[in-house]
Every structure is written in structure tokens, then in C-alpha cells.
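Trainee: Let's go through this one by question and answer. Ready when you are.

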Amino acid sequence: MMYLEHFGLREQPFRLTPDTAFFFASGPHQEAFNTLLVAVQSGEGFVKVTGEVGTGKTLLCRKLLDALGDGFVTCYVPNPQLTPKGLHLSVAQELGLAVDKAQSQHRLVQRLTERLLALCQAGRRVVVVLDEAQCMPLETLEALRLMTNLETEKAKLMQVVLFGQPELDERLAARSVRQIRQRITFSYALRPLDRAAVGSYVAHRLLVAGSHGQVQFRPAALRELHRASRGLPRLVNVLAHKALMVAYGRGEQAVRRTDVLLAVRDTESARQPRPMLAWTVLLAGCAAAATATAVYLS
């Protein structure tokens with residue numbers, strides 16, 4: 001990335017790829033993480049985390065997977081839009097079983113049960129983590145519930161953690177999966193970042209990326225970043241990255257509100273500024289573009 005040297009950064013601070021090194025323990029995300037750890041340690045029932053698009057569910061999911069120690073075996077299913085047999089195959093493969101797709105579902109479930117019992121006897125607990133769970137068909141949700149029926153006299157053989165958008169709650173409201181609703185022992189709804197948290201989030205990511213204070217987001221820039229992103233971490237990343245590009249084009253290390261406004265105008269999913277600001281943003285954009293061209297050609 002061409003602006004890294006200019007800002008003295010080791011890596012891009014606002015990448016969209018979930019990277020646990022950049023995990024920000026904000027109020028909502030730390031609360032959710034603590035809830036997950038307590039829930040998984042209890043070993044009972046289903047756990048559910050919901051949040052709007054861009055609130056950081058996948059990063060939280062990966063943080064949980066990294067935090068579980070050797071006493072756990074995790075099965076990560078990033079795309080649960082599967083048939084019941086597809087779910088069984090996916091979990092079996094995650095548990096290290098060599099499976100034949102032509103194998104009957106009855107035999108597949110039997111082998112899964114044997115594997116789960118062996119892991120339990122070895123003192124290891126199985127946690128199945130499903131991202132984007134709102135995509136899971138109802139019949140597959142029911143198959144998942146039946147898998148969690150497997151147990152010894154003292155413990156369940158597997159636990160399930162569901163990450164999904166708010167539509168997951170709508171799916172779970174269906175009468176056909178009401179037994180799953182009764183088994184959800186822990187749940188958490190991720191909230192967007194507030195204004196103060198957006199400033200701390202930006203500073204945290206810059207620090208992890210190698211900044212020692214040389215990159216400055218002015219207070220007005222941070223206020224605009226919060227307003228336009230609605231506190232959604234993914235949108236904060238998109239807008240902050242573009243704003244850095246504008247500041248780089250001007251040859252400066254301080255990010256101004258006009259830099260963020262230009263980023264907002266270039267991002268459809270951002271909350272757009274008031275119409276009266278349009279000409280101001282347009283004029284600033286022309287000036288920034290001219291400066292960026294001059295910097296590039298020099």
C-alpha cells in the first residue's frame with residue numbers, strides 16, 4: 001500500500017480481512033467475548049451472537065476459536081447453507097474423519113457419534129461454531145439440534161455457537177425449530193460503536209499497524225467518521241482507509257473532516273452528508289485529486 005511509508009506504518013491498519021491481532025476490546029465486543037467464554041466453559045446448550053452486517057461477528061468468531069485451549073476441539077463452519085447431510089459431512093471432516101460423500105447418512109451419523117465419544121473419553125470437548133447462521137435452512141437447523149442430543153450420563157458430546165445477522169432470530173422464531181430456542185442458554189446482540197469508541201477503535205488499529213502517534217485523525221474527522229459509519233466497524237475501516245488515501249494525496253499526516261467527507265461520498269453504504277455540504281465536498285475533492293496527481297508524478 002503506497003501510503004504506508006508516508007505514515008510510518010508496518011501494515012495497512014484498516015483492512016477488511018478479519019485479523020485477531022486487531023481485535024478491539026470495546027464495550028460491546030468485550031462483553032460478547034466474555035459471554036462466549038463463560039458459555040463455552042459451561043458446556044451446555046446453544047450459544048447465539050447476532051449483529052448487523054459489519055458489526056464484527058466474524059472477527060469475534062475467530063477470536064473465540066483462537067482463545068479455546070487444548071481441551072477443546074473446534075469445528076468451524078463458515079457457510080452453513082447446507083443440507084443436513086452436508087452439515088454432517090462438514091463436521092465430520094472438521095473432526096478429522098475421512099468420509100465418503102456416497103456414505104449413507106445413517107452410517108455418517110454413526111461414525112460421528114463414535115468420534116465424539118472417543119474425544120469425550122479423551123477429555124476433550126467439541127464446540128461447533130457456525131458463522132452466517134441466518135443462512136442455514138430450517139431442516140439443517142433441526143439436524144443440528146438432533147446432533148446435540150448425543151450425550152453421556154454427565155455431559156453433552158458437543159456444543160454449538162451460532163453467529164448470525166438479526167435474520168437469525170426470525171428463523172429461530174419458526175415453530176418447527178422451537179426446541180432450539182429452548183436450548184439457547186446464552187445470547188448476545190452486538191451493538192455498534194458509540195462516538196468515543198470509534199475514536200479509540202481508530203487509535204487502536206493505527207497502533208497495532210505501527211503508528212506511534214504520527215497519524216492524526218482530527219476530532220471533527222472522528223465525529224464525521226462515527227456519523228457516516230453509524231458505528232459499524234467494517235464501515236469505519238472502509239472510510240478511514242479512504243480518508244488516509246486523501247490525506248496522503250495532500251502530503252499530510254493529519255486526517256481532516258473534509259477527507260472523511262470525500263471518503264463518504266465515495267462509499268454507497270455510508271450515511272451521506274447533508275445536501276448543503278455537497279459543493280464543499282466536491283471542491284475539496286477536486287483540490288485533493290490535483291494534489292494526489294502532483295504527488296504521484298513527482
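Trainee: Which residues in H10 does H9 meet?

Mentor: Keep in mind that the model is predicted. From H9, the contact takes in Arg195, Val198, Gly199 and Val202. Their partners in H10 are Leu222, Arg223, Leu225 and His226.

Trainee: How do the residues of that contact divide into nonpolar, polar and charged?

Mentor: Gly counts as polar here. The contact of H9 with H10 divides into 4 nonpolar, 2 polar and 2 charged residues.

Trainee: At what angle do the axes of H9 and H10 cross?

Mentor: H9 covers residues 195–208 and H10 covers residues 219–229. Their axes come within 9 Å. They cross at roughly 110°.

Trainee: What does that make H9 relative to H10?

Mentor: Angles from 65 to 115 degrees fall in one class. The crossing is at roughly 110°. That makes H9, relative to H10, roughly perpendicular.

Trainee: What is the handedness of the crossing of H9 and H10?

Mentor: Handedness is assigned to this crossing of H9 and H10 as well. The crossing is right-handed.

Trainee: How many disulfides does the structure hold?

Mentor: Cys75 is in no disulfide, with the nearest cysteine sulfur in Cys61. For the structure, the count is 0.

Trainee: Is Cys75 buried or exposed?

Mentor: Buried means under 20% relative accessible area. Cys61 has 0% relative accessibility, so Cys61 is buried. Cys75 also has 0%, so Cys75 counts as buried.

Notes:
Residues numbered from 1 in each chain as written. Predicted model: local features only at pLDDT ≥ 70, side-chain atom pairs only at ≥ 80, totals over all residues. Heavy atoms only, no water. Axes fitted to C-alpha atoms, helices over the stretch in contact; angles between N-to-C directions. Helix = DSSP H or I, 4+ residues; strand = E, 2+ residues; numbered from the N terminus. Parallel < 35°, antiparallel > 145°, perpendicular 65-115°, else oblique. Left-handed = near helix turned anticlockwise from the far one by under 90°. Contact = heavy atoms within 4.5 Å. Disulfide = S-S within 2.5 Å. Buried < 20%, exposed > 50% of the residue type's maximum accessible area, 1.4 Å probe, protein only.
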